[in-house]
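Welcome to this short briefing on a protein chain. Take a look at the sequence and the structure below, then read on topic by topic.

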Amino acid sequence: DNYDAIVLGTGLTECVLSGLLSVSGYKVLHMDRNNYYGGECASLNLEQLYEKFSKGKPDPSLGKSHQYNVDLCPKLLMANGKLVKILRKTVAARYNMEFMVIEGSYVCRDNKVYKIPTTEK
């Protein structure tokens with residue numbers, strides 16, 4: 001096949017570029033070497049996380065892999081933020097995008113996990 005553009009990687013920049021080229025009528029081949037989307041900002045389930053860091057298989061006592069969603073690069077979209085408004089007005093809305101309240105946010109520092117304190121406001 002012939003393509004007008006080949007985009008390597010599925011980070012935010014690559015996905016936006018690929019999408020813009022595609023809606024402009026270009027034939028785009030979009031590929032990634034990983035078995036997940038998002039590049040270095042991906043959100044991984046437990047099995048993907050263990051595989052990425054060569055830790056073997058997760059302990060079954062941790063539960064089902066799909067119950068985990070670990071961000072390699074933490075990111076939050078504020079409900080009233082400009083990015084959410086832009087996403088709602090673009091073709092991204094076609095993908096049945098949903099926003100939900102998070103139960104908690106945690107960070108790992110010096111091999112310890114800490115919960116980030118939050119308030120409703």
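Two strands pair if DSSP finds at least two bridges between them. Helices (H or I, at least four residues) and strands (E, at least two) are DSSP runs, numbered from the N terminus. With that in hand, four bridges join strand β1 (residues 5-8) to strand β2 (residues 28-31), and these two run parallel. This is a predicted model, in which local features need pLDDT of at least 70 and side-chain atom pairs count only at pLDDT 80 or more, while totals for chains, interfaces and linings use all residues. Residues are numbered from 1 along each chain as its sequence is written, and side-chain values use heavy atoms, with hydrogens and water left out.

**The whole chain**
- The protein chain has three helices and six strands, and their order along the sequence is β-α-β-β-α-β-α-β-β.
- Of its 121 residues, 17% count as buried (under 20% relative accessible area with a 1.4 Å probe, protein chains only; exposed is over 50%, and partly exposed lies in between).

**Confidence**
- The average pLDDT of the protein chain is 81, and 78% of the residues score at least 70; pLDDT is the predictor's confidence in each residue, from 0 to 100.
- Among the elements, β1 has the highest mean pLDDT (96), and helix α3 (residues 82-89) has the lowest (70).
- Where pLDDT is low, the predicted coordinates should not be read in detail.

**Around β1 and β2**
- A5 and V7 form the covered face of β1, while I6 and L8 form the uncovered one.
- V7 has H30 as its bridge partner in β2.
- Together, β1, helix α1 (residues 12-23) and β2 make a right-handed β-α-β unit; right-handed means that, with the strands pointing away from the viewer, the path from the first strand over the helix to the second runs clockwise.

**A closer look at D32**
- You will find D32 in the loop between β2 and β3 (43-44).
- D32 counts as partly exposed because its relative accessibility is 24%.
- L8 and D32 are 24 residues apart along the chain, and their C-alpha atoms are separated by 5.7 Å.
- Leaving aside neighbours within four places in sequence, D32 is in contact (heavy atoms within 4.5 Å) with G9, T10 and G39.
- The side chains of D32 and T10 make a polar contact (2.4 Å), that is, a pair of N or O atoms within 3.5 Å; within protein, one must be able to donate a hydrogen and the other to accept it, and residues adjacent in sequence count only if both atoms are side-chain atoms.
- A polar atom of the D32 side chain also lies 2.8 Å from the backbone nitrogen of N34.
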